Amino acid sequence: MIELRADTATQEPQRIRGLEMPWNRVMGSTEGPARAAHALGPWHPQEFMAECVETTPEAGGMRTFVFRRCDGAPLAFRAGQYVNVAFPVNGEDEDPVDRSYSLSSSPTQPWTFNITVKRDPIGLVSPWVHENVKPGTVLEMLGPVGAFHLPDADRRARYLLLAAGAGITPIMSMVRTIHSLPGQADVVVLYHGAEAGGYAFHQELAYIASVDSRVKVFYSLGDRSKPEGWQWLSGRLTAGMLDEVAPDANGRQVYACGPEGYLNTATELLGKVGVDDTSINMEFFTGDRQTILEYQAEIALAEDIAEEIAGEIAESAEDYYESQPTAFGLYEPGYNADGPLKATGLPLETVDPGTSAPDGSADLGPETGTTDPSSFDTVGTGSLTLSFMRTGINVRIDPDEHILGVAQRAGVRIGANCKEGMCGSCKVVKLSGEVEMNHQGGIRAREIDAGKFLPCCSSARTDLVIDA
């Protein structure tokens with residue numbers, strides 16, 4: 001019979017200082033890393049096929065989908081990043097619809113990976129995902145991508161993790177990762193939900209908090225009335241609530257994910273309790289400048305960056321709000337010209353969603369016609385000319401200017417959302433000419449091959465004729 005002793009239950013384990021991700025030393029090594037270690041480093045986003053192997057219902061109308069890569073490789077990523085998934089919601093003969101979802105699993109267990117999707121009854125994609133993605137379903141994916149993630153090494157590792165609703169998904173990846181790693185850490189999680197039974201992962205969070213003294217978890221019901229027996233916080237996020245759960249918030253790195261209004265409030269309140277802007281990591285649609293700069297420096301150390309990754313996060317206002325909060329504010333690196341890393345696993349047949357004319361050129365539709373742009377009025381100054389065929393105007397531009405801003409100032413109507421080359425909402429077709437595009441994940445290789453480009457992050461290298 002095992003004798004239970006109270007004194008052993010209160011003793012803290014001896015730990016190394018801080019946290020270090022398993023791949024960190026491989027990245028910084030001056031020696032050539034072993035191939036297996038190299039594969040487990042999250043330094044190149046890739047296009048790959050993945051098979052669903054399990055689905056699990058979660059509280060709050062969410063469902064977790066477990067995938068593995070069809071080529072048998074691990075998915076190397078950082079806790080907090082996301083993948084872009086192409087869903088054939090309109091049938092195999094139509095273009096897929098792309099959505100970005102956070103990875104909710106830990107990168108320390110890379111042979112399978114999870115995304116957790118909240119169902120929106122009036123949404124386009126999430127109901128289809130809940131009803132159709134099952135074990136055996138194979139989907140095209142791009143990733144990992146995103147600058148919202150834990151650092152590769154942190155000697156202090158003191159974090160305040162704020163989540164609201166579906167924003168718990170990247171936060172859950174962070175909690176799982178920290179729990180799986182050795183090292184000293186001090187983590188406070190504050191999770192806002194709409195109803196007492198709607199907190200996804202609450203059982204696992206309770207377990208982690210019960211066995212890992214480094215992690216403390218708090219819940220709040222937002223502005224809902226407290227049900228009988230509720231022992232946690234209630235009310236929307238306030239400075240007083242932050243002080244209650246983390247009186248030393250100004251000494252922590254903060255990671256927050258949730259709806260835009262929640263993040264705006266959190267930004268204001270964190271400033272009031274003394275948290276410096278450089279310690280705040282959030283996922284607004286265009287990202288905060290500090291995160292962008294940090295990620296640029298981080299990517300400068302990467303070795304093998306794939307050429308083209310991305311997807312359209314939102315095609316309409318409805319689709320924008322259906323996307324998981326982790327799609328708000330993610331910044332991706334530029335890509336070199338060496339081409340994408342090719343998967344070499346099982347041969348899988350996929351539908352080519354690109355539309356092309358019989359001769360292989362882009363199908364531009366009837367509206368562009370054969371109008372001579374020399375008959376258009378010309379506005380602006382610059383050494384190059386942009387001819388917008390649908391608008392019927394020529395706009396002068398210099399090579400150092402981004403095309404979107406110049407076009408919009410001239411009255412050309414081009415939809416745009418993030419203006420960072422990430423969301424894909426400004427995508428147009430280039431009929432002739434050359435551009436230099438430094439996108440952040442908003443366009444796929446096949447779309448570029450079809451003549452499309454993102455004017456928000458592109459500059460003209462020659463005169464251009466554009467279908468807009």
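A: The model is predicted. Four residues, Arg158, Asp186, Asp248 and Arg252, are linked in a network of salt bridges.

Asp248 counts as partly exposed, at 25% relative accessibility.

Another pair is Asp186 and Arg252, a salt bridge in which the closest N and O atoms are 3.2 Å apart. Here too the pair links distant parts of the chain, with Asp186 in strand E10 and Arg252 in the loop between H7 and E12, 66 residues apart. The two partners fall on opposite sides of the 20% cut-off for burial: Asp186 is partly exposed, with a relative accessible area of 23%, whereas Arg252 is buried at 5%.

Ala157 is in the loop between strand E8 (153-154) and strand E9 (158-164). Its phi is positive, about 50°, although Ala157 is not a glycine. Ala157 is also buried, with a relative accessible area of 0%. Phe201 is in the loop between strand E10 (186-192) and helix H6 (202-211). The phi of Phe201 is likewise positive, near 65°, and Phe201 is buried, with a relative accessible area of 5%. For context, most residues other than glycine have a negative phi.

A search of the whole structure finds 13 salt bridges. One of the salt bridges joins Glu131 and Arg119, with the closest N and O atoms 2.6 Å apart. Glu131 sits in helix H4 (residues 126-132) and Arg119 in the loop between strand E6 (113-118) and H4, 12 residues apart. In this pair, Glu131 is partly exposed, with a relative accessible area of 45%, and Arg119 is partly exposed at 35%.

As for the chain as a whole, there are 12 helices and 21 strands. Buried residues make up 50% of the 468 residues. Of the contacts between residues at least 6 apart in sequence, 70% join residues at least 24 apart.

Methods
Residues are numbered from 1 along each chain as its sequence is written. This is a predicted model: local features need pLDDT of at least 70, side-chain atom pairs count only at pLDDT 80 or more; totals for chains, interfaces and linings use all residues. Side-chain values use heavy atoms; hydrogens and water are left out. Helices (H or I, at least four residues) and strands (E, at least two) are DSSP runs, numbered from the N terminus. Buried means under 20% relative accessible area, exposed over 50%, partly exposed in between (1.4 Å probe, protein chains only). Contact means heavy atoms within 4.5 Å. A salt bridge is a side-chain nitrogen of Lys or Arg within 4 Å of a carboxyl oxygen of Asp or Glu.
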